[in-house]
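Please work through the following exercises with the sequence and the model at hand. Each task is followed by a solution in steps.

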Amino acid sequence: MKDRKRRLEQFPFYNCAGIERRLEKMAAQGWMLDEIGPFFWSYRRIEPQKLTFSVCCFLEASEYDPEPSEGQKTFYDFCAHTGWTLAASSAQMQVFYNEQKNPVPIETDPVVSVDSIHRMAKSRFLPYNLTVMAVLLMYGWLLAELWSSDPVNVLADGSLFWGGIALLGLFAVCALDVGRYELWHIRAKKAAEWGELLPTPSCARVEWIIRLWIVASLTASLLSVPGLTAAVIGVRAVGICAIAFLIYSGRQLFKRRKKPAKTSRTISHAACFTLSFVVMTAAVCLEQEGRNRNWFGDGCGTYEHDGQSYVFHQDALPLTVEDLVDSDYGLYCRERQEKSSPLAVRTVGRQGPRFDEEDYDQIPSLVYIVVRPRLPFLSGLCWEGQYRRWDDQRRVDDSHRKLYEPMDPAPWGAEEAYRQLYRDGGRSNRYLLRYEGRVVELVFNFGEDGPTPAQMAVVGERLGS
């Protein structure tokens, strides 16, 4: 039979009544609270008995204190004099129990209790949640900026889509916590004036639904990225968890060795900053090394050119140079990249020579982007987004804008077709095509006069249907 157990306890810090009811129920089952962790609470086995618990705040306490201060000791002595014994504490939260049937409450003035809770909220709870919400709003602003410049990439990026859903859930959790507390505080102050301590409303079911939403979205986001990127994200996540564990363990070690709170706090903050920098730097180096050495086998090998390592891809492509022209160059690098989300799919195909080949720019090459919206009403948005990015209307100086001209879409089998022009009036070999249910952007470096009708028909058959 185990003498200790750990439970995941998720209570708002101001839900004193809820915490007390849980601890009284656990004591009746033979378990006494022994330690309050950041997520899990530790219990030790006792004889089942009916106990009364009281949760109160001691504002001068800190999680870095190696031992109770003189003020805390005086407070503990006062509680012990009325039959209250300290069960556990976590920073400012102090938990006591009493074996008497109708013990004298530790705090008898609801006004003082509400004021103490609010002061504790201002010191930790509110700054933390508001900071997280500010960071999430900043991320949302960056996502909006990315959307304004390249909406198609945002629509088709599964990691951005699911990551945004997860962060929206996290913002909802923080907003729910802050809003629920502020509502409770306003009502609790009024109730305290009448001598009552207002209970905390429970939103446990809603919170668990949002947490499951966050976990599912993060999992989907991780599954939406390539193997190397997923590995790097995993390394970062493991590193962050390891940092949190090391900081918490170090803080507990400093407590056992009676180190001053100021020393413990300084070392913890410095270690957190240093280890975070190390983990992020290691993740970037790992990603670069993985790409250089082709660890996840996304190509047929690597080669060196001008001191850099490149992956030699041999992916299957829906349209190749050989489909359009006769080419005797056989060492083509063929790369296919695809991003997808529940909203759209974006496929990029590249076929070209290796960078270490002579007359590299004279060898026929091909690059194209195919965007396929999954929902019919997004077709117009995908076309406008790709057209806007291609036209580059965000430029202030008209002399730097890309020029374009409409052309006959019939040979392409398309609904609309455009060709890019140079500033001097010359025509480039970059084309933007609109088909039913997809948008195609095509660039190739052969055929100065542009593709022939036969080549246009092949493009429409391979990419437009």
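The exercises below concern strands, a helix and selected residues of this model.

The structure is a predicted model, in which local features need pLDDT of at least 70, side-chain atom pairs count only at pLDDT 80 or more, and totals for chains, interfaces and linings use all residues. Residues are numbered from 1 along each chain as its sequence is written, and side-chain values use heavy atoms, with hydrogens and water left out.

**Exercise 1.** Determine the strand order of the open sheet of three strands, and state which helix packs on the sheet.

Solution.
- Step 1. The order is S4-S6-S5, with antiparallel pairing; strands are DSSP runs of E with at least two residues, helices are runs of H or I with at least four, and both are numbered from the N terminus. Two strands pair if DSSP finds at least two bridges between them.
- Step 2. Strand S4 (52-57) and strand S5 (85-90) are the edge strands, as each pairs on one side only.
- Step 3. Between S4 and strand S6 (residues 93-98) there are six bridges in the antiparallel sense. Val55 has Val95 in S6 as its bridge partner.
- Step 4. Helix H2 (residues 70-81) packs on the sheet and touches S4, S5 and S6; contact means heavy atoms within 4.5 Å. The direction of H2 makes about 20° with that of S6, where axes are lines fitted to C-alpha atoms, for helices over the stretch in contact, and angles run from 0 to 180 degrees between N-to-C directions.

**Exercise 2.** Classify Gly71 and Ser221 as buried, partly exposed or exposed.

Solution.
- Step 1. Buried means under 20% relative accessible area, exposed over 50%, and partly exposed in between (1.4 Å probe, protein chains only).
- Step 2. Gly71, in helix H2, counts as partly exposed because its relative accessibility is 38%.
- Step 3. Ser221, in helix H6, counts as buried because its relative accessibility is 13%. Ser221 touches Gly158, Ser159, Trp162 and Gly163, not counting residues up to four places away in sequence.

**Exercise 3.** Identify the strands that are joined to S15 by six bridges.

Solution.
- Step 1. Strand S11 (residues 366-373) is joined to S15 by six bridges and runs antiparallel to it. Ile369 stands opposite Glu441 in S15.
- Step 2. Strand S14 (residues 427-435) is likewise joined to S15 by six bridges, in an antiparallel arrangement. Arg430 has Val443 in S15 as its bridge partner.
- Step 3. S14 and S15 form a hairpin with two residues between them, and Gly437 in the turn has a positive phi of about 85°.
- Step 4. Strand S15 (residues 438-444) is mostly covered, with six of its seven residues buried.
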